[in-house]
Number of protein chains: 2
Amino acid sequence: MHDLITPAAPAPGGDTHSLATLHVADLVEYLNDLPEAVAAETLAQLPLERATEVFDRPELNRSGELLQALPAALSASILIEMSADRAADVLRLLDRAAQARLLAPLEPEPAGTLRRLLSYPEHSAGSLMTTELVSLPTTATVAEALRHIREVERTRETVYAIYLLDPRTRALVRTISLRRLITGEPEQKVMDLALAREPVTVTPETDRREVARLFARHDLLAVPVVDARRQVLGIVTVDDVIDAMVEQGTEEAHRFGGLEAAVDKPYLRLGFGQMLRSRAGWLCVLFLGEMLTASAMQHFEAQLEKAIVLTLFIPLIMSSGGNSGSQATSLIIRALALGQVRLRDWWRVAMREVPTGLALGVILGVLGIGRIALWQQLGIYDYGEHWALVALTVGLGLLGIVVFGSLTGSMLPFALQRLGFDPASASAPFVATLVDVTGLVIYFSVALMVLRGTLL
Amino acid sequence: MHDLITPAAPAPGGDTHSLATLHVADLVEYLNDLPEAVAAETLAQLPLERATEVFDRPELNRSGELLQALPAALSASILIEMSADRAADVLRLLDRAAQARLLAPLEPEPAGTLRRLLSYPEHSAGSLMTTELVSLPTTATVAEALRHIREVERTRETVYAIYLLDPRTRALVRTISLRRLITGEPEQKVMDLALAREPVTVTPETDRREVARLFARHDLLAVPVVDARRQVLGIVTVDDVIDAMVEQGTEEAHRFGGLEAAVDKPYLRLGFGQMLRSRAGWLCVLFLGEMLTASAMQHFEAQLEKAIVLTLFIPLIMSSGGNSGSQATSLIIRALALGQVRLRDWWRVAMREVPTGLALGVILGVLGIGRIALWQQLGIYDYGEHWALVALTVGLGLLGIVVFGSLTGSMLPFALQRLGFDPASASAPFVATLVDVTGLVIYFSVALMVLRGTLL
């Protein structure tokens, strides 16, 4: 976060882009549209500060490739000047050999910092954090603090949160905000101004979801990342949290729609092959799952031949199971993501979903029976002499399927979380596939009970 | 945003909660679990500053009811002390009569501010903004600016962005960050320190989605809301944007799962009636839509009776259409939300979805044909003498349905946006319902062509 003031985009005026005055977000878009070699050449001719600003933007496409395409001295300078968290993000896109090549010309200290950042797992606070923070000993005065902040301001990701460390152990003791600091008298001790509260902290392993939850809960601008001895390893700033939330929202939306989560390019820039790969995989998996419906149908073929009228309602029954299942799944995935429900609550959720499913099933069952009775009475369609029993079969089938769908849909995210998967990978199509096969079995079992001796 | 430093939750230690030292986020949870009357009484006994902190938290449930339950003098003080944007949010939960009652004891100026905030549409920048900002004339010096900030610090939502206004017209000229301000010399003019760039601004009508996009794009901590004459009406701060993003994520996830969007209570606190209302509505609408599948099936009953083998693949065909449709929908909804695709791009999207759908359809069609051929050859199931034609029907049916599903699913969000609806209301179940009926028609039409003279 270099500054919180940024210009509006210039009016699109002809083709004489002045790359020096263009706002960095627009410059990034301009570079994204250039062929890679041309973009690299353009970058190489920008002033170092400007090129660094460009690489600092997560919106820059092909950032790893572009960095490699620059002269080694320039790429090294950019890696040093960039915010450390973003530099690590760019390096993360490359293989180990390329990382080593780019890190080789760096001084041991910045190279070590970047290597450490690279070692944290994806989506963890460690991978989001930057090491460019402001810290002071607890013994500092307000005047000393402000003098230090003025000196380091240009090289720190944020100066709005200042971390007060024990002068001996360098362990984190307090956090103070700049707004509070400037209200103090010059000779006052910063510790006396700081609130007498334990600061909110995270560890490098904390998941980005939990980090976002802390920011929302405590209205933070930055959170310190500490190790077991409360040494500050870095900070996660609010702008990185927003970027992570946007990325996570995209991944979840894609997963819920039955797509590869990591479709990270803009839709219109996806190549045909990439588009196909991101979609065909899941579609085939779901298709293979749905093949079980054909097996289930084959199993009940004798019943189908005797009572063809039953087939008329198969799509209706199946879709109702799928819909009630994906409702329950969306509700629980979101509740888990917001921390409203925890793994140990699965039983309480199940005990709520059964009565809810029963009530919803009764509603749909009555609608279904009503539809058949109405069509029969109005003479729109003739369901045969046993139409009332057919209607009963459909109604009871719907009841059973909606209960089953709600229960399965709500338990699936728990099961996935328990198994170590992201609960959000329970997509609507996935739930529907699961419920479809059992839905058919429930429907035909009900039919066998209700229609035995008449149609079957 | 009162301060960016907040304490960790105290260790849960027995039942002697000390409400004075408890962190506000925990105090809110504690109050949320109390019956309404008890919570109101507890609030009435807290110091005014503490009670204000509680009402400032969006996590407080029943905030409107609780405010009404307090003595009139206390509720008036709280409304004045609260951040204006949050006070308006609380009032928004009440009907007009209750709003008028609560605003009556206030001085004309704060009451007017709150009435104006209440007049902005939901989810707009106007409804998110607060009027508690720091502004200075462009003629101010750094020393004057810092003195002013120290004076007003306690009553402003943020002091990290300072708005420089034309001394005569009070129009916004520049924005300067506190971090930049403190690097200046006391006698320096603030205007000389400010970057010579037009500040990023929004209007009161700007949608929260666009506001979030600006924050992500420009790494903002606050954005000024201006009218046509560039008068600053208020600011939207980053903590409100994060809250809005979380809320919007929930609404979209719920809508995509076929639920009422505004299920705003935690899952385990939803009453049985609320739970049913939030789910039954959409489930019934979808059910009524799916009833058309029964009508479609009835229409093809003659074909069904002649070729019962066709029914075996109905679930497989239908679900493939639904899955390809909801993939395309999720992809486009997200691309629209991120601004990667605009309304006018619908034709470019359609021209990409047709070849993608064709390729995906060929893949699934080949899988389907392979399945039938394999089962037939291995003797697992006998699809009859015309099994090859049945396989061809299934394959061509899948091709047609996947193309149709991809195209429909991708165009639906555009159509909804064009009609003024939120494109995210195109839920997976909604798309599936739309595709199911047409899927059956496509399948039977293909069957009529392929199997005429043999099975049909």
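User: Is Gly322(A) buried or exposed?
Analyst: In this predicted model, local features need pLDDT of at least 70, side-chain atom pairs count only at pLDDT 80 or more, and totals for chains, interfaces and linings use all residues. Residues are numbered from 1 along each chain as its sequence is written, chains are lettered from A and ligands numbered from 1 in the order in which they are written, and side-chain values use heavy atoms, with hydrogens and water left out. Buried means under 20% relative accessible area, exposed over 50% and partly exposed in between, with a 1.4 Å probe and protein chains only. Since the relative accessible area of Gly322(A) is 8%, the residue is buried.

User: Which residues is Gly322(A) in contact with, leaving aside its neighbours within four places in sequence?
Analyst: Gly322(A) belongs to helix α17, residues 314-337 of chain A; helices are DSSP runs of H or I with at least four residues, strands are runs of E with at least two, and both are numbered from the N terminus. Contact means heavy atoms within 4.5 Å. Beyond the neighbours within four places, the contacts of Gly322(A) are Ala432(A) and Val435(A).

User: Why does Glu153(A) count as buried?
Analyst: Glu153(A) sits in the loop between α10 (142-152) and β2 (161-165) of chain A. Not counting residues up to four places away in sequence, Glu153(A) touches Val159(A), Arg179(B), Arg180(B) and Thr183(B). Glu153(A) counts as buried because its relative accessibility is 9%.

User: Within what arc do the buried residues of α10(B) fall?
Analyst: In helix α10 of chain B, residues 142-152, the buried residues are Val142(B), Ala145(B), Leu146(B), Ile149(B) and Val152(B). They line one face of the helix, because, seen down the axis of α10(B), they fall within an arc of 140°. The arc is that of the directions from the helix axis to the C-beta atoms. An α-helix has 3.6 residues a turn, so residues three or four places apart point the same way. The arc asked for is 140°.

User: What is the radius of gyration of chain A?
Analyst: The radius is taken over C-alpha atoms, and the globule rule is 2.2 Å times the number of residues to the power 0.38. A compact globule of 456 residues would have a value near 23 Å, but that of chain A is 30 Å.
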